[in-house]
There are 2 protein chains.
Amino acid sequence: MKPLPPGSTIGILGGGQLGRMLSIAAAQLGFDVAIFTDEPDSPAGRVSAKTMVGNYLDTAALADFARRVDVVTTEFENVPAQTAEALIAAGARVAPNPRALAIAQDRFDEKSFFASMGIATPPFRAIASQADLDAAIAAIGAPAILKTRRLGYDGRGQIRINSGADAAGAYEKLGAPGILEGFCAFEREVSIIAARGWDGAIAFYDLCENEHSGGILSRTTLPARVDAKVTQSARHAVTQVLNAFDYVGVLTIEFFVMPDGSLVANEMAPRVHNSGHWTIEGALTSQFEQQIRAVAGWPLGPTNCVAGIEMLNLIGEDANAWEALAADPDVRLHLYGKRDVRGGRKMGHVTKLKFS
Amino acid sequence: MKPLPPGSTIGILGGGQLGRMLSIAAAQLGFDVAIFTDEPDSPAGRVSAKTMVGNYLDTAALADFARRVDVVTTEFENVPAQTAEALIAAGARVAPNPRALAIAQDRFDEKSFFASMGIATPPFRAIASQADLDAAIAAIGAPAILKTRRLGYDGRGQIRINSGADAAGAYEKLGAPGILEGFCAFEREVSIIAARGWDGAIAFYDLCENEHSGGILSRTTLPARVDAKVTQSARHAVTQVLNAFDYVGVLTIEFFVMPDGSLVANEMAPRVHNSGHWTIEGALTSQFEQQIRAVAGWPLGPTNCVAGIEMLNLIGEDANAWEALAADPDVRLHLYGKRDVRGGRKMGHVTKLKFS
C-alpha cells in the first residue's frame, strides 16, 4: 500500500480510551481522525476531527463512514465482524482484517487457532451444556475456569471451578456457550506487543511483565524478569500469528511463563493493549503511533525502550487520587476523559520511568 | 486557585499548531478543550472537543466562550488585549494576564520593560518618523534593524539598515510605528522556557540553543554550549519577568549570548515556544502539559531533560519530505495538520534524541 499522505483521515471503530490515545498519535503525525462509535460524548470523539455516532450493524451509516475515511482500524476487539465486512463491501480499507477480529472474539476459536500453530495453551474444551462441563472437568481436572466464549473482558463472564462440586449448575449460571480452561501454575504473566505493516515488516516491543487484580491488569513492569529465550519464544509465536492472519496493525498476546521457562498463550488482542501504555513515554515510538503507522502504510517506527518502566492502572476510584498523582514528580499521569467513576472501570494510568 | 478537576474545559485562544499541541497535552490529563479562533478548519480545532469560530473582537461571542470554559489561555501573543479583557469582564479566568500580552505585543514596550528591570537589551529607539530614524541611527550606529513595533513575527516587518544610506525612505517602507534596534555581535542564541503557577511556583527548562534562518527558527539543540553562569543569568531574568507580571503559564525569553558570556534579551513570548517543542519527547513534562498544568492550577511538573536533543523545524516545502522523515528511525516526526504548504510556513518539526 502507498503510504497515506498527512491530511488523510484515519477511521477508528470505537470511542474509548484506546481510540483517544490512537487519535492523539494520529494527530501528531498530521492525520485527521474520524471516530465511529455507539457512544455519544465519547473519550475518543472529544479529541477527534469527526465523530459519527451510530450502530455497528447500521450498514448505511457504515457505508457513509467508509466514504469519509482513507483507512479504518479498530480500538476494541468486540467490533462485530459484520461491521468490518460491511465497511470492506463499501470500499473501505480495513486493518486488521475481519478474520483476526472474528477469531479473537471467540475464546475457543482463539485457543484452537493457537493450538493449530503449535503455540501452547492451557488445556481447554468447548462447553455447550452441563454434560460438556462435567466431561471436561473429568478430563482436565480442577481447579479450572469456565468462561463465556464471547464478549468477556477484564474478568467478566468467568466462573472459577475449584472442585467437581463447583460445577453443579455452573453452565446455567454462565448462561452462554463457554470454554473450560485448565488452571496454569504459572510463575509470572507477560505480554508481547508487536506490529506488522502492509509490506509484512514486523516490529516487536520489549516483553512486558503484568500483574492482574480481580481479572483486570493492575501493573506492567519492564524489563520483564525473564531470560532472552522467553523473549525469543514470544517473538516466534507472535510472528506466526501475525503472518497467519496477514495482519496489519498492532497485536498483543498474553502468556503465562511456566516454572521451566516455557510459554503458554492465554489470549490475544488484535489491537493496542493496556500493557503497552508505557510506550507513550517509554519507547521511541508509542504503540498508538505504531498502529497508525502500520494501517496508514508508513514504515514501522523504532520500538526501543528508553527507561525502566512501571505502569499502574487507575481503576474506578483510584482516579479520585488525581490531585496527589498530579503532584508526584515521579509519575506521568494519563486520564481518559470518562465522565463517571465506576468500579472496575479503567479511568487512567500512570507511568513511572527509571533512567539508569 | 483550587486545581481544576479532570473533565473541566480549558479554553484556548488561537487555532494553530501551538494550540494543537496544547490540546493534545490537555487531553492526556483528562481535560476537554474548547478553541476560539477566527480560522475555520484549524489545526487545533480538529483535535479539540469544541471549536468556536469567531472574531477576536466580538464581545458577545467571547462572553459565550467564557461561559463554556473553566479557564482561558492563549497559543499566540497577538491576541488583542481587548479580547482577554472582554473575557475577564464576562467572568472568565484568563492566564496569562492581559498586561503580559499587551507588553509582549509591542517591541518597544517589551524592550523598555526589560530595561526597567535591569535586563540588558540591544540599544533601541522608538521610531515614529523618518527624522526619528535618522536621529536613532546617528545615536545607535549601523548596522541596525528597523522593525514594526507590533504584529511582526518570524522575520516579517523588518528592514536591515547596513549604513546611514539605507535609512533613506525606510520609515515610509515600514509603513507603521517602528523600533530601531542596534546590531548585537553575539556568539550564539539561546532561549529559556519557564512556567509559573497561580501559587507563584516557578519551573525552568534547560537552556535551548537556537539557530535561525531568514528570521525563522530552524534548529534547537540541547545541551546549549554555555556555562552554568549563563543558565543562572537566564533563570534570574525570566524569574524577574514572571514575577513582575504575576504571570501564570509558560513564558519564553530569547537571548543573545555575547562573547563575554553576558546575556542580551532579544524578545519574549508569553506562551509555549517553538524552541521548546523538543520537550514532548525530551523532558519529563512537555512545555504543553506544563502550560495546561499552570493555568489549571495543578502543580508544575518536573522539567528534567532526558536526552541530548536536536529539534529541526519543517518550514514550507521541508514538509514534503514526510515520507523520508517517517522512514528515518532517528527522527520523531510531528506534522501540524495544515492544509497547504506555503513558503515560510511552519508545517511540522522533527526531534532527534541522543541517549548517552
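**Exercises on a predicted two-chain model**

In chain A, helix α2 (residues 59-68) and helix α3 (residues 81-89) have axes that come within 8 Å and cross at roughly 55°. This is a predicted model, in which local features need pLDDT of at least 70, side-chain atom pairs count only at pLDDT 80 or more, and totals for chains, interfaces and linings use all residues. Residues are numbered from 1 along each chain as its sequence is written, with chains lettered from A and ligands numbered from 1 in the order in which they are written.

**Exercise 1.** Classify the crossing of α2(A) and α3(A), and list the residues that meet.

*Solution.* Step 1: axes are lines fitted to C-alpha atoms, for helices over the stretch in contact, and angles run from 0 to 180 degrees between N-to-C directions. Step 2: the axes cross at roughly 55°. That makes α2(A) oblique to α3(A); angles under 35 degrees count as roughly parallel, over 145 as roughly antiparallel, 65 to 115 as roughly perpendicular and the rest as oblique. Step 3: A:Thr59, A:Leu62 and A:Ala66 of α2(A) meet A:Thr83, A:Ala86 and A:Leu87 of α3(A); contact requires C-beta atoms, placed from the backbone, within 7 Å. Step 4: four of the residues of this contact are nonpolar, two are polar and none is charged.

**Exercise 2.** Determine the strand order of the open sheet in chain B and identify the edge strands.

*Solution.* Step 1: helices (H or I, at least four residues) and strands (E, at least two) are DSSP runs, numbered from the N terminus. Step 2: the four strands of chain B follow the order β5-β8-β6-β7, with antiparallel pairing; strands pair if DSSP finds at least two bridges between them. Step 3: β5 (124-127) and β7 (158-161) of chain B each have a single partner strand, so one side of each lacks a neighbour in the sheet. Step 4: strand β6 (residues 144-148) of chain B is joined to β7(B) by four bridges, and B:Leu146 has B:Ile159 of β7(B) as its bridge partner.

Note on methods: Two residues are in contact if their C-beta atoms, placed from the backbone, lie within 7 Å. Ala, Val, Leu, Ile, Met, Phe, Trp, Tyr, Cys and Pro count as nonpolar, Asp, Glu, Lys and Arg as charged, and the others, Gly among them, as polar.
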